[in-house]
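Subject: Structure for you to look at

Hello,

Here is the structure I said I would pass on. Please open it and keep it beside this message while you read.

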Amino acid sequence: MKFKNELLTEYFEDKLAVVGLVVFTILAIFAIAPALFSYQNPYDLTQLYLENSFQAPNANYWLGTDEQGRDIFSAIMYGLRVSLYVGFASTILSVIIGFTLGLISGYYGGWVDTIIMRIADIQLSFPAILIALIIMALWGAGIGKIIIAITIVNWVYYARTARGVVLSEKEKDYAQSAKALGMSNFSIIFKEIMPNTTAPIIVIATVRIAVAIILEATLSFLGLGVPITEPSLGSLIANGYQVLFSGYWWTSVFPGIILMVLIISINLIGDRSRDIMNPRLKR
Amino acid sequence: MALLEVNNLNTHFFTRGGVVKAVDGISFSIEEGEILGIVGESGAGKSITGFSMLGLIDKPGEIVSGEIIFNGEDLVKKSEEELEKIRGNEIAMIFQDPQTSLNPVINIGDQLMEAVLYHNKKASKKDAYNVSVDILNLVGLPAAEKRMKSYPHQLSGGMKQRVVIAMALLNNPRLLIADEPTTALDVTIQAQILYLMKKLSSDFGSSLILITHDIAVVSQLCDKIAVMYAGRIVEYGKKEDIIFDPKHPYTKGLIACLPKLDDDKERLYQIPGIMPSLLSLPEGCYFKDRCEFADAECDVYPQLQEIDGRRIFCHKVK
Amino acid sequence: MSQSEVKLLEVRDVEKIFSVKVGTFEKKDLHALNKVNFDVFKGKTLSLVGESGCGKTTVGKVILGLYQATKGSVLFQGKDIAQLSPVQRGSLQKDVQMIFQDPYSSLNPRKKIKTILEQPLKIHTKMNKKERLETMLSLCDDVGIDHTYLERYPHQFSGGQRQRIAIARAMILKPELILADEPISALDVSIQAQILNLMMDLKEKYKMTMLFITHDISVVKHLSDYVAVMYLGEIVEYASKAELFKSPQHPYTKMLFSTVPDIHTPLMTDSVLKTGEIQSPIDLPVGCFFANRCPYKDEVCEKEHPLLTDLGDNHMARCPKIGQF
């Protein structure tokens, strides 16, 4: 059992994990305040000049421009913002919903558990993309809808993890002792057991944020995600994909690289978190 | 020549908080067929001693120095492959918790047969099967042949421990190391398992190291006793000497705090305090803060004294 | 029993049946408790002794309210609590507290000791923060833990220290009845002595009423006033402590005594090997439950289930052949 200070010092012992954290922080800073770093706001149409279109990377436009004269470098910054926003928002919602359902499911058991888990099973048997497509076909496109779609896909993983922990914790003497004191079930679940479930949830969340981001990028790539006026990394890649083989590679490749770097850095952070949170047995 | 001779063994753990000298320079020996008891409170280093015999020490621990001479060869100097040939074969170990010692998803028969076949490549499956059934009968498992198909969760704690002992004995080890084998069992089952271990070690001619915190258990089985405290041996000698004439205050304390059925005193004797953490050991004798006889002399770690074939580390014993 | 002794807890004909799965589709009844009867007198300690699987922990949990009895009654402060859950018992519940066996899982690893000890006070009393702190500090002194421990977490303590904390938690509401379920079994023998002495001191100081549950008959001598021996869900012998230790009558009690390792006696021989194991409480035998392990059994034992015989002087045993061996 380790607590905050120990965890942090341990985290920094792995050089690669530190690199991941640094890279992610840089990208996050870009995403939070793109205006500070970008050359232009690529979505403000008044700033675009068609005569600048399809310029290869040069001194003015470090990563080149696309067919509308948009500076790719700036577009990536704004795109990062959308990607991270969608990724985190959907993850937070998934955690809240999945976590709560998992705790209730595991603690009460019986038909509540059966219903929740069967819904989860059914959902897991469909590919994530398919579910997202169905939802967006029913309710239309837009950032809000994407977040809902990704949330619906992802809550299952948190529910299962929380349920697993609850099943083993609720039989332990400290939970029984709380019950014997006359605490209500609700109190026992959220005051006694929940603090013991946060560690595994954090571990899963760090990994699934990456999955959420990729899912959004995929949807956007397919043209179903964000509207063209607020491109995310996925739609930028899609956009450039159409002209990729005409020789204008920079419009697709650079967003792709940044997306990849983002995912890798998140995975590095997640891996390291998982390792340090693992209770190591002392003999 | 002794079957096992341990000389000045040091197993240290290099942790974030400092170097933990779990085993700090201990020496003992066992003859063929002898039973040695290593007794002490939790944290004394008894289990680590047992694991060191088989090289089962993982990072951040390692055997820093010393010799473990088994059958004339120093185990400390052996490679991992060489040790693998010895484990489960010439030296076998029985761990504390029967719940986790057996693989829960493989049936008993397969686990036993696997142990046989690993060390006897030429044996046939049928031979392995017969040997396994025989040994289950030998350890007193009721309906042994039927049990070959059982899974661990279908057996009681006592039965599981019998299976674990059976597995250890399969390849006729010359040395058995049992780490708190009865701590997780009821007293009634403990008596049966202890008796079984004594009988089998005698029948098979194996030597046995019995590691436990309960000196009453040790008194039932062992020929020799080593009392450990904070990583070191404080008293070492023949069972009769140590049990009926303990000299070190710690040993005396361990014996005195046993509940006695025929005693009329209303309070149990207790050794005050708890064993110090290995990261903050006192200057001088490690036991001095809990010892009723300690004084200024004890601020220096006591030297070894040999009295009538017994080794003791205490200033107050002359 | 003297007339001046007041009964605090009366357990009457309590039965507890669990439905367990055997095989893929079949369910069978596990008879954990088979008409258990005993009383606990105010200010006295009753020890309940038996092997794992005899039902002693189950009866403790029924009294505590974690299980509801299938049949029978448990009278406490005039009310039958056998079928009531802790929430249903309301304020009565603060008078029954338990010390659990495993010091490593009985304290919430995520909570400071202070929070763990304060919790019962917050739920069942109207004390303010200052009063709660005073209560906790005085209890720390009683159980021998330093005041600084309150700010720490359970994993920073040894097994013995955690049990002291668990005892403090059980006592903080000053309950009428304390259940101790194998409170020392997971500790080193040297620490067992410390905790037993502590419990004796507390019993003396607070005139505690206690039900002490254990599988090790050798530890009950110092703490108990009365001892009940349990086997497969029923009491097989009951007597005052002195009487039971002086002359145990039931063959099972005698077996329990014979298996205690004693430094002065060598290991028993074949009789030890034959002590066998307690059978599963599914499919109970028709006659005496202990028959298959009893060295004195005959055909009558296997056919008729024996009743408790009063041997006089408040000593009872469930065996028709007392005095014949």
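Below are my notes on it, chain by chain and then on the contacts between chains.

Please keep in mind that this is a predicted model.

Chain A

Of its 283 residues, 43% count as buried. Among contacts in chain A with a separation of 6 or more, 67% are between residues 24 or more positions apart.

Ile134(A) sits in helix 6 (residues 128-139) of chain A. Is Ile134(A) buried or partly exposed? Ile134(A) has 13 C-beta neighbours inside 10 Å, and therefore counts as partly exposed; a residue needs 20 or more to be buried. Its C-alpha atom is separated by 8.9 Å from that of Ala149(A), which is 15 residues away along the chain.

Chain C

Four strands of chain C form an open sheet in the order 2-1-4-5, with antiparallel pairing. Strand 2 (26-41) and strand 5 (79-80) of chain C each have a single partner strand, so one side of each is left without a neighbour in the sheet. Strand 4 (residues 71-76) and strand 5 of chain C are joined by two bridges. Phe76(C) has Lys79(C), in strand 5 of chain C, as its bridge partner. Helix 1 (residues 56-64) of chain C lies across strand 1 (7-22), strand 2 and strand 4 of chain C, at about 115 degrees to strand 1.

Next, helix 5 (residues 159-171) of chain C. This helix has 13 residues and reaches 18 Å from its first C-alpha to its last, close to the 18 Å expected at 1.5 Å a residue. Why is helix 5 of chain C described as largely enclosed by the rest of the structure? The reason is that 12 of its 13 residues are buried. Among them are Gly160(C), Arg162(C), Ile165(C) and Met171(C). The cover over the buried residues of helix 5 includes strand 6 (96-99), helix 3 (113-124), helix 4 (129-143), strand 7 (177-181) and helix 6 (189-206) of chain C.

In soluble globular proteins, nonpolar side chains tend to be buried together. The largest nonpolar core here has 257 residues, of which Ala166(B), Tyr229(B) and Val229(C) touch the most other members. Helix 4 (residues 72-108) of chain A gives the most to this core, 16 residues. Leaving out residues up to four places away in sequence, Tyr229(B) touches Gly40(B), Ala44(B), Val234(B), Tyr250(B), Met275(B), Tyr286(B) and Phe287(B).

Contacts between chains

How many residues of chain A and of chain C take part in their contact? There are 15 from chain A and 19 from chain C. Helix 8 (residues 173-180) of chain A supplies the largest share of the chain A side, six residues. That side divides into six nonpolar, five polar and four charged residues.

Chain B also touches chain C, with 36 residues of chain B in contact with 32 residues of chain C. On the chain B side, helix 8 (187-204), helix 9 (215-221) and helix 11 (249-256) each supply at least two residues. Helix 8 of chain B gives the most, with eight residues. The residues on this side of chain B divide into 19 nonpolar, 11 polar and six charged.

Regards

Conventions: Residues are numbered from 1 along each chain as its sequence is written. Chains are lettered from A and ligands numbered from 1 in the order in which they are written. This is a predicted model: local features need pLDDT of at least 70, side-chain atom pairs count only at pLDDT 80 or more; totals for chains, interfaces and linings use all residues. Two residues are in contact if their C-beta atoms, placed from the backbone, lie within 7 Å. Ala, Val, Leu, Ile, Met, Phe, Trp, Tyr, Cys and Pro count as nonpolar, Asp, Glu, Lys and Arg as charged, and the others, Gly among them, as polar. The expected span of a helix is 1.5 Å times one less than its number of residues. A nonpolar core is a set of buried Ala, Val, Leu, Ile, Met, Phe, Trp, Tyr and Cys residues joined through C-beta atoms within 7 Å. Two strands pair if DSSP finds at least two bridges between them. Axes are lines fitted to C-alpha atoms, for helices over the stretch in contact, and angles run from 0 to 180 degrees between N-to-C directions.
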